[in-house]
Amino acid sequence: MRKLTRRAFIGTGLLASGALVIGVSIQPGNRSEKVADLIADADEYVFNIWIKISPDNTVTIIVPHAEMGQGVHTTLALMLADEMDADWDKVIISEAPAQEEYTNHMLLKGFVARDIDFPNFLINTVDGAFLKIGKIINFQVTGGSASIRFTGQLGMRISGASTRQLLIKAAAAQWQLPEKELSAQKSFIHHEKSGKKEAFFTFAQAAALLEPETNPTLKSVDQYQLMGTSPPRKDLPLKVTGEALYGMDIQLPGMKYASIKASPVFGCKVTSVDASSLKKIKGFYQVVTLENAVAVIADGFWLAKQALNKVVIKFEKNDAQNIHQKGVFEQLRYDLNQAELNNDFNIDFKTGVIPDQKIKSKDQFEATYRVPFLAHATMEPMNCTAWIHDGICEIWIGSQNPLGIKSEVADLLDIEMKNVQVYNQYLGGGFGRRSETDVALQAAWIARETTHPIKLIWTREEDIQHDFYREANLSQFKAVLNSQGKPSIWINQFLFKHHPPEASIPPYLIPNQLIQHTESTLHVPWGNWRSVDHSMHGFFIESFIDELAHLQNEDPFEYRASLLAHQPRFLKVLNKAAEKSSWHQSLPENWGRGIAIHQSFGTIVAEVVELRIIEDKIHIERVVCVADAGFAMHRDAFIAQMESGIIYGLTAALYGEITIKNGAVEQHNFHDHKMLRMDETPIIETYIINSHEKIGGAGEPSTPVIAPALVNAIFNATGKRIRTLPIQNFDLLS
Amino acid sequence: MIISIKINGIHHELDSDPSTPLLWVIREQIGLTGTKFGCGIAQCGACTVHLNGIPIRSCTTPLGSVIDQEITTIEGITPPASDVLHHVQQAWLEVQVPQCGYCQSGQIMAAVALLNKNKNPNDDQINTAMKGNICRCGTYPRIKTGIKKAIQLMQANINSPKDA
């Protein structure tokens, strides 16, 4: 933390209204390829957090992350407001301030687009005194459960604390009192001895002239006022009245609508388009041929979609047409076998001594697990509105990666990045899908063919069939057990590796471990799917350890606990899950309990599933979830994320499966790609452990744990071990 | 052809193909974007509106089938110029139901229709009324709690202002 703290830069300035604006850079001088051409030299910095104190003493916090449901706007603002001692009731959160005064400075577009030409008022104040600033952007990608852990801990809190110190310093100078006699409370500076009290804004002008502290003292836990509480989320009032604007809801004068059909087989080029039948229907129509898709533009989405159905499109044929799901798994099996035969693996983790694997020990136990491709199925189908005019391209979209869009659209249109403006909207679900740029590129391509703003909307079918999928995979384990029945050797081999790198490493005390992977080439595009590699490794590891426990006739909870003696945080989480689920209480016949524990993104989660089986139907009655994220910054939003991750993972475990036929995705829409619904949803009880260790993520860590807890519970109820997901393909009566 | 429809108590004359799904008319022609597109085949409930008080899927309801009938969208569940939220909306905020929020208009419309018909539904009745609405963020447990909270608010007739 100290390292990044020292790299924080803070700039201040005054708006015409007298409002104080503070910009904080937490990762200056990023040299990644994507932002390199936006940062000219080492003296130029990336600013991505903003605070504004207005004449009415309201505090506006500009949050550099996309709100896709995880409550990140509220939680990040809360962390900043707590350190600043701002009055939460008078805190306004914005991803894009629309105040009149900003428009004169091009700041409005900059804030939204994340590409800010630093306004003159700030350059005058800041330049020379503190920073030389050229171009300022926000490159923040929302994902990896990183918002709270990094932006929050390293950015928001420092910004808030530094601002509070600036205001106290200014007040001390003005009142001619020692700083240490002053305190900040609810957006006022107080001098307790004299009873003097003035609003933050009173000191805005003076504060703007002071040099901000880049390494301020942060509050200790006992000083938290807001952190760890559950104030109502500030984005929800608009979400119950239908007023919240998603990418889908943008309306522009003269806007037309586009419907698109991409090659069912991934990546095949369009070879011919016959749109002659469209001439017979009245109304405005335009056909746009993209590299591997065809779009129709019309006055409304329905008209565009109907018209597109009448266009005869031919796509090129290639070998992918021969790919079927069975073949995909055969290929994965073959590649894994080849890697084993040639000992051609990449090592994820190795410890201890691994004997020659060709010699099979009689105490060796083996199991292979299989998971399918998974789609994201965000509630809001993919869409993007683009308008190209006067040499610029404006984009309206809900994105986890607005800068990626800016960069790639600029490349596509062969214009400078500064001429692409991205206006980020609320996301109707992200889960990793909205970190891709494909839809924005299509929209820009289509918009280039017309002078109208174009809203491109995907059908749900397009959304299911042209996702970026969690990979199908195989994972094989071999374990040798010692005389106490505990694994002394743990060998795990699987395919593919994305991130995080530690996803495949079990938390258990096993002296000899070899964890390795090989690669394979699939024609199905890969993408980040909620919890990424953890989404499968949680299932693999926690199923296998459960099997080892049962092999030894040991209680799966006790078995895990005995292997976690060296991991007190894990043990505490595991014990609490057992306690809250009444683990040791016996269940009626046909009922079962299953347990699993897994750490991801810095958060340890244990879950216990309680279910009953009626004939061949699984009724999940209850899920107990215990999570240690170090500290839950917004308690209720954290609980909501645990619930969300569990239900997302339940859909995947029970039903989630994308299969390939003739090179294309077989599923179409929610009728053949089933989602968990309310009547199948269990009671979920979440318990938080605030261990005050390093802060972990919230959006993903409950997902990897649910599939193994569920199959372990099914085993407990039926004695049947499910090693292949989804569960719906398993015949419980067999 | 010119078609006359009534949405949230207001008459509109539209030049539109009667086969156009009501959803797109509401969103694109009337400009009320609270009603959402989710699947287009009546499988997810994001597009739920009321037709004469009954919840319907506007994505598969042809415009021509609803001429001059009472259509209510999320924007119209409280009387025009009303300064209070509907009990269901109020309960949704108390329970902090929404996450991404995209499906919530449809969820709220389904819940309002349920409570209009049955003032005190049990869990099974709630499940039956709500299982047509998908939420990918997994807010189902909170929706259920929200409906129960709304019942309490209705019984006590507690109203909270829209800008609270």
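Q: How many of the residues in chain A are buried?
A: Buried residues make up 62% of the 734 residues in chain A. This is a predicted model. A residue counts as buried when its relative accessible area is under 20%.

Q: How many helices and strands are there in chain A?
A: Chain A has 19 helices and 30 strands. Take its contacts between residues at least 6 apart in sequence: 74% join residues at least 24 apart.

Q: Why is B:Gln96 called buried?
A: Its relative accessibility is 10%. The cut-off for buried is under 20%. Therefore B:Gln96 counts as buried.

Q: Where is B:Gln96 found, and which residues does B:Gln96 touch?
A: B:Gln96 is in the loop between α2 (87-95) and α3 (104-117) of chain B. Leaving out residues up to four places away in sequence, B:Gln96 touches A:Pro232, A:Arg233, A:Leu236, A:Asp636 and B:Arg142. B:Gln96 has a positive phi, near 55 degrees, and follows α2(B).

Q: What makes the pair formed by the side chain of B:Gln96 and the backbone oxygen of B:Leu93 a polar contact?
A: A polar atom of that side chain lies 3.0 Å from the backbone oxygen of B:Leu93. The limit for a polar contact is within 3.5 Å. The distance of 3.0 Å meets that limit.

Q: How do you know that α2(B) is mostly covered?
A: Count its residues: eight of the nine are buried. Among them are B:His87, B:Trp92 and B:Val95. The cover over the buried residues includes α9 (236-240) of chain A, along with α3 and α5 (140-156) of chain B.

Q: Why is α3(A) called largely enclosed by the rest of the structure?
A: In α3(A), 13 of the 13 residues are buried, so the helix is largely enclosed.

Q: How do you know that the span of α3(A) is close to the expected one?
A: Helix α3 of chain A (residues 72-84) reaches 18 Å from its first C-alpha to its last. The expected span at 1.5 Å a residue is 18 Å. Just after this helix, A:Asp85 takes a positive phi of about 60 degrees.

Q: Why is α15(A) called roughly parallel to α19(A)?
A: The axes of α15 (residues 534-551) and α19 (residues 703-718) of chain A cross at roughly 30 degrees. Angles under 35 degrees count as roughly parallel. So α15(A) is roughly parallel to α19(A). The contact includes A:Phe539 and A:His550 of α15(A), and A:Val711 and A:Phe715 of α19(A). The axes come within 7 Å, and the crossing is right-handed.

Methods. Residues are numbered from 1 along each chain as its sequence is written. Chains are lettered from A and ligands numbered from 1 in the order in which they are written. This is a predicted model: local features need pLDDT of at least 70, side-chain atom pairs count only at pLDDT 80 or more; totals for chains, interfaces and linings use all residues. Side-chain values use heavy atoms; hydrogens and water are left out. Helices (H or I, at least four residues) and strands (E, at least two) are DSSP runs, numbered from the N terminus. Buried means under 20% relative accessible area, exposed over 50%, partly exposed in between (1.4 Å probe, protein chains only). A polar contact is a pair of N or O atoms within 3.5 Å; within protein, one must be able to donate a hydrogen and the other to accept it, and residues adjacent in sequence count only if both atoms are side-chain atoms. Contact means heavy atoms within 4.5 Å. The expected span of a helix is 1.5 Å times one less than its number of residues. Axes are lines fitted to C-alpha atoms, for helices over the stretch in contact, and angles run from 0 to 180 degrees between N-to-C directions. Angles under 35 degrees count as roughly parallel, over 145 as roughly antiparallel, 65 to 115 as roughly perpendicular and the rest as oblique. A crossing is left-handed if the near helix is turned anticlockwise from the far one by less than a right angle, and right-handed if clockwise.
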